[in-house]
Amino acid sequence: MEKRITTPLTAEVTKDLHVGDNVLLTGVIYTGRDAAHKRLVELLEQGKELPVDLTDGIIYYVGPAPAQPGQVIGSAGPTTSYRMDAYAPALLDLGLKGMIGKGKRSAEVVESMKKNDAIYFGAIGGCGALLAKCIKKAEIVAYEDLGAEAIRRLEVEDLPLTVIIDSEGNNQYELGRKEFLAMEK
Amino acid sequence: MKEIKAEQITQVVRDLCIEANCHLPKDVQEAITTCKACEPFPIAQTILGKIEENFNIADQDNVPICQDTGLACVFLEIGQDVHIEGDLKSAVNEGVRRGYVEGYLRKSCVKDPIDRVNTGDNTPAVLYVDIVPGDEVHITVAPKGFGSENMSQIKMLKPSDGLQGVKDFIVKVVEEAGPNPCPPIVVGVGIGGTFDKAAYLAKKALMRPVDERNANPFYADLEKEMLEKVNALGIGPQGFGGQTTALAVNIETLPTHIAGLPCAVNINCHVTRHKSAVL
């Protein structure tokens, strides 16, 4: 059973999403990974405005491959999320409601997600060719000098995601492994 | 003495960069399909199906399997009866530059590890050169993604830690990596040599087809045992649970010092890419 959701990702929607849910996401999301996060948080520390509005927004941790002629974007799967853990709570406090990536998150990020009603979604790592097909439009909106790491505004249609950590802090990595091991006994 | 022009090496490296990134080796494809058939956990089956769908799209459309098209690791085995006309290292880097620019591959290399400015063309390559008998040049390009590279570890075990110490370390590295390196993974293990050689062996181990066991029966059995042990962890595809945590454990060994037992574990994701050619 897949849930269809659209952006903006409000607290009303995130409270209704639960660990393990398969989701098809449609709407506008922003890309950002290591270097872009560093710059965003440096701006916040200086009390300056960010180049994108993250209220009820979603950041996809991805550095896409370049588009071939005729393509909207090159392969675009998730990068490992823990490298953004140092920066994520500051953005969640600003109103960011969703993060798309893969891999574990820190206790600090999970606490911040609970406080801010946010969701951590997983996209399938290593499936960049498949996921790129769900991206209908892509444009750079900040930090063009960062190349693959620039912030892009993406319009996505039915992007397949799984809720890895919900707004109550339930974690698919822990639950899935436990369920499998119990089944094997 | 056979003459090979540096320009020929450039062309081959260029082509291998593109082919390796778009076409998953058949042995890895088959291992994923076989694991899907044996996987008892429903969510794991679904993910393995998506992974198959993804490498088929990449294969047909000539697009990168994964957006992380890696650092370009290039392995050259140069026959001692070959003379290369021109600058070999520059020729390899020019091949990487052309492959990554002309092939629309992602440029993921920063010039300095601290100030982190992108080189813009994915050079320089990580180049390994070995001199071998004969008059051929064997070239392998293995783009290495860093989601999995970051989960790799090395440990200077004591001789008294022995076989059990090696086994425990391999399982520990895979368990700590958990969902981060995009399981199902391939586990490359290097045992022996020095600190640096153990790491090199672990990387070399990832070049071996996943369906080919170590020629030494003792290590072939150890590979099978370790695959069972890491798959018993239950991490599963993407870390969502399941038995398919790894597709293979490949072990390579070298003689070592009387005081040491170096053990390196190099993790690769399910996009374990490498492509070879002979000049």
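**A strand and its sheet**

Let me start with strand β7(B), which pairs with strand β9 (residues 261-268) of chain B in the antiparallel sense, over six bridges. Strands here are DSSP runs of E of at least two residues, helices are runs of H or I of at least four, and both are numbered from the N terminus. Two strands pair if DSSP finds at least two bridges between them. This is a predicted model, where local features need pLDDT of at least 70, side-chain atom pairs count only at pLDDT 80 or more, and totals for chains, interfaces and linings use all residues. Residues are numbered from 1 along each chain as its sequence is written, while chains are lettered from A and ligands numbered from 1 in the order in which they are written.

Within β9(B), N268(B) is the bridge partner of V186(B). With strand β8 (residues 246-256) of chain B, β7(B) pairs in the parallel sense over nine bridges. There, G190(B) has E252(B) as its bridge partner.

Now the whole sheet. It is open, with four strands of chain B in the order β6-β9-β7-β8 and mixed pairing. β6 (153-157) and β8 of chain B are at the edges with a single partner strand each, so one side of each has no neighbour in the sheet.

How many residues of β7(B) are buried? Eight of the nine in residues 185-193 are, so the strand is largely enclosed by the rest of the structure. Buried means 20 or more other C-beta atoms within 10 Å of the residue's own, exposed means 12 or fewer, and partly exposed is in between, with C-beta atoms placed from the backbone.
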